[in-house]
Amino acid sequence: FDTNDGGDDDDDGSDSEGNRAPVSEEQRAAASAGLDFERVSFLEKKAFQHQLKDGRAEAHYLGVRNTIVAAWRRDVKRRLDVTEVIERVTNYEETMIRDVFDWLERHGGVNYGVVREKEEEKAENAATTNATNDNNNNNNNNNN
């Protein structure tokens, strides 16, 4: 996703004429998730139509969404859990954080390409259980 409008590719995100402000971590994170940092997408408006009734609500939503995406971008190899976001972000209500987090996760805004830790645990537990059962079966066969 290229957000560059033809200016220099300086690390600070500004163009050669200095017309743009440096790009923030949240702006980069939103762009990497395929979202506009300053605007709610059509799909987001559709999903959150009851919550996004006015400009203040949109600004609030964007604050929550951009904060969540930026939190995940800090370490994209590790699965971000909603409880981590809730603990870190105290200026938004928990219900909104959970709703936005779930939407982002379903639509590839966060945690894409990361295996869920619980799935890994299940696989590990299943392997341990199978190994224990195989070992017990071998012991029972040796005793007969």
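## Tyrosine 61

Tyrosine 61 has a relative accessibility of 0% and so counts as buried (under 20% relative accessible area, with exposed over 50% and partly exposed in between; 1.4 Å probe, protein chains only). This is a predicted model, in which local features need pLDDT of at least 70 and side-chain atom pairs count only at pLDDT 80 or more, while totals for chains, interfaces and linings use all residues. Residues are numbered from 1 along each chain as its sequence is written, and side-chain values use heavy atoms, with hydrogens and water left out.

Leaving aside residues up to four places away in sequence, tyrosine 61 touches Val40, Glu44, Phe48, Leu52, Met96, Val100 and Trp103 (contact: heavy atoms within 4.5 Å).

## Aromatic pairs

There are 3 aromatic pairs in the structure. Rings of Phe, Tyr and Trp (its six-membered ring) pair if their centres lie within 6.5 Å; planes under 30 degrees apart count as stacked, over 60 as edge-to-face and the rest as tilted. One of the pairs is formed by phenylalanine 48 and tyrosine 61, and is tilted, at 5.1 Å centre to centre with 45° between the planes. This pair links distant parts of the chain, 13 residues apart: phenylalanine 48 lies in the loop between helix H2 (42-47) and H3, and tyrosine 61 in helix H3.

Phenylalanine 48 is buried, at 4% relative accessibility. Phe48, Tyr61 and Trp103 make up one aromatic cluster.

## Nonpolar core

The largest nonpolar core contains 29 residues, and Tyr61, Ile68, Ile97, Val100 and Leu104 have the most contacts inside it. Such a core is a set of buried Ala, Val, Leu, Ile, Met, Phe, Trp, Tyr and Cys residues joined through side-chain atoms within 4.5 Å. At least two residues of this core come from each of helix H1 (25-32), H3, helix H4 (82-88) and helix H5 (94-106). H3 gives the most, with 8 residues.

## Asparagine 66

Asparagine 66 sits in helix H3 (residues 55-73) and is buried, with a relative accessible area of 3%. Its side chain is joined to that of arginine 65 by a polar contact of 2.7 Å (a pair of N or O atoms within 3.5 Å; within protein, one must be able to donate a hydrogen and the other to accept it, and residues adjacent in sequence count only if both atoms are side-chain atoms). Not counting residues up to four places away in sequence, asparagine 66 touches Glu26, Ala30 and Phe37.

## Whole chain

The protein chain has 6 helices and 0 strands (DSSP runs numbered from the N terminus: H or I of at least four residues for helices, E of at least two for strands). Of its 144 residues, 31% count as buried.
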